[in-house]
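Here is a guided walk through a protein model, written for someone who likes to have the structure open while reading.

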Amino acid sequence: MSLSVPDSLNLIRRLTPRRMVNAIKLVASYHLTRWLGRPVAWGLPMSISLEPTTACNLRCPECPSGLRAFTRPTGNLKADFFRTTLDQVAKDLLFLIFYFQGEPYINPAFLEMVAYANRKGIYTITSTNGHFLDDDNAKRTIESGLSRLIISIDGTTQEVYQQYRREGNLDKVLEGARNVVKWKRRRKSKTPHIIFQFLVVRPNEHQVDEVFRLAKEIGVDEVKLKTAQVYDYEAGNPLIPENPKYSRYYQKADGSWAVKNKLLNHCWKMWHSCVITWDGRVVPCCFDKDALHQLGDLKSKSFREIWSGPAYNRFRSAILKGRNQIDICTNCTEGCEVWIEH
């Protein structure tokens, strides 16, 4: 995660002695685990992804929300449950990512929850498709204290954009970005740090340079190029970019395709972060989109019990024994997402 100077200062302000000690515990226990070959977990996660909703207005082809393909229950995170959950971890937590599946702004209580986390001194992040950033929501976003706003913009023309962001309207997204920039300037606010996220796929890879120009014109702080995860890649996929720099996959001598990265039997994510679904299920990471590897339920246990409990440690042990035996790990690139340097 790269940080600008204002963004860096915002993060530094969130550091407390307790959070720094907790981070040291996490790093130490992770390295001790690798040395001993068995899981040791000290502290609590310094980063949590919490799902505001599973609903989405778009139909992106590689997304369970877009495909309407969940096998788990769908719904909205309730504000009272959110506060109860956050209160358990807030003193140790540094990053709160308001995103897993779905479009966060569909949850009517979303910005109230952001404001609550901000009052707890937590660095907050969300990722949006940008269709709900009307003037009022843009203003409320600034007032919520959100630290980082990622706006997905996977094309610089409607024709290209809609090939991945199906049923999306690029003009509406750009108008939303302009609304946020306007209110950020009007309020003389240093937050949120606004990012255009460009998911590089074959239909849009020729527009990479153009998205940087567009971001500068609007006043967006940063552009991030992101490689795309595709589910069916072994026989090739029309979304895999032609430029190998932009792809998570490579073509083998026999014509089949594979993930570029070597699957190592350890994962930092299992020590410093986790994901919580809208209904309180704790899962290992963002690749478990259908919550198939549930490590606990916050409706029946505290977060600390789950994080240090037998189910979590069994999963950590399984990681150490062989990630190639865990389905959600086989299409993973270093535990989660990969940003491309440009």
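Asp-221 is partly exposed, with a relative accessible area of 39%; here buried means under 20% relative accessible area, exposed over 50%, and partly exposed in between (1.4 Å probe, protein chains only). Please keep in mind that this is a predicted model, in which local features need pLDDT of at least 70 and side-chain atom pairs count only at pLDDT 80 or more, while totals for chains, interfaces and linings use all residues. Residues are numbered from 1 along each chain as its sequence is written, and side-chain values use heavy atoms, with hydrogens and water left out.

Which residue does Asp-221 pair with in a salt bridge? The partner is Lys-184, with the closest N and O atoms 2.9 Å apart. A salt bridge is a side-chain nitrogen of Lys or Arg within 4 Å of a carboxyl oxygen of Asp or Glu, and the count comes to 16. Asp-221 lies in the loop between helix H9 (208-218) and strand S6 (222-227) and Lys-184 in helix H8, so the pair ties together parts that are 37 residues apart in sequence. Helices (H or I, at least four residues) and strands (E, at least two) are DSSP runs, numbered from the N terminus. Lys-184 itself is buried, at 12% relative accessible area.

Arg-18 forms a salt bridge with Asp-92, their closest N and O atoms being 3.2 Å apart. Arg-18 sits in helix H2 and Asp-92 in the loop between helix H4 (79-89) and strand S2 (95-98), 74 residues apart. Arg-18 is partly exposed at 42%, whereas Asp-92 is buried at 7%.

Now to the backbone. The peptide bond from Thr-191 to Pro-192 is cis, with omega near 0°, and Pro-192 is placed in the loop between helix H8 (170-186) and strand S5 (193-200). Glu-167, in the loop between helix H7 (158-164) and H8, has a positive phi near 70° although it is not a glycine. Ala-291 has a positive phi too, near 55°.

On a 1 Å grid over the protein atoms alone, a cavity is a set of points where a 1.4 Å probe fits but cannot get out, and a pocket is an open set with protein on both sides within 12 Å along at least five of seven lines; lining residues have an atom within 4 Å of a point. Grid points are joined across faces, edges and corners, and a volume is the space filled by probe spheres set on the points. The largest cavity has a volume of about 60 Å³ and is lined by ten residues, with Cys-267, Met-270, Cys-285, Ile-319 and Cys-329 nearest its centre. The second largest pocket holds about 370 Å³. Of its 15 lining residues, Gln-229, Tyr-231, Phe-287, Lys-289 and Ile-328 are the closest to its centre.
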